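Colleague: I'm new to this one. Could you show it to me and walk me through it?

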Amino acid sequence: MSRILVIDDELPLRLMLRTILEQAGHTVLDAPDGCKGMVLWRREPTDVVVTDIFMPEKDGIEVIMEMKK
């Protein structure tokens with residue numbers, strides 16, 4: 001299955017997504033904000049990234065733009 005990175009500053013949402021995706025057979029990594037998400041993504045690249053748009057530190061749009069570079 002896929003390796004998925006979930007980036008969201010809301011812990012309950014992150015945990016819910018992790019649970020659902022893991023039950024579907026995926027490997028899930030998660031981060032509480034865009035900065036930590038980028039560090040994790042560079043260290044452990046994933047097949048898919050699910051990100052919140054409005055977050056402290058670095059928002060989802062900035063994360064997506066940085067990943068596209």
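Modeller: Gladly! The sheet here is open and built from three parallel strands, ordered β2-β1-β3. Bear in mind that this is a predicted model, where local features need pLDDT of at least 70 and side-chain atom pairs 80 or more, while totals for chains, interfaces and linings use all residues. Residues are numbered from 1 along each chain as its sequence is written, and side-chain values use heavy atoms, without hydrogens and water.

Colleague: How many bridges join β1 to β2?

Modeller: Strand β1 covers residues 3–7 and runs parallel to β2. In this pair, Arg-3 stands opposite Thr-27. The number of bridges is five.

Colleague: Is Arg-14 buried or exposed?

Modeller: Arg-14 lies in helix α1. Its side chain has a polar atom 2.7 Å from the backbone oxygen of Asp-8. Buried means under 20% relative accessible area and exposed over 50%, with partly exposed in between (1.4 Å probe, protein chains only). At 10%, Arg-14 is buried.

Colleague: Which residue has a positive phi although it is not a glycine?

Modeller: Most residues other than glycine have a negative phi. The one you want lies in the loop between β3 (48–51) and α3 (60–68), and is exposed at 64% relative accessible area. With a phi of about 75°, that residue is Glu-57.

Terms used:
Helix = DSSP H or I, 4+ residues; strand = E, 2+ residues; numbered from the N terminus. Pairing = 2+ DSSP bridges. Polar contact = N/O pair within 3.5 Å; in protein donor to acceptor, adjacent residues only side chain to side chain.
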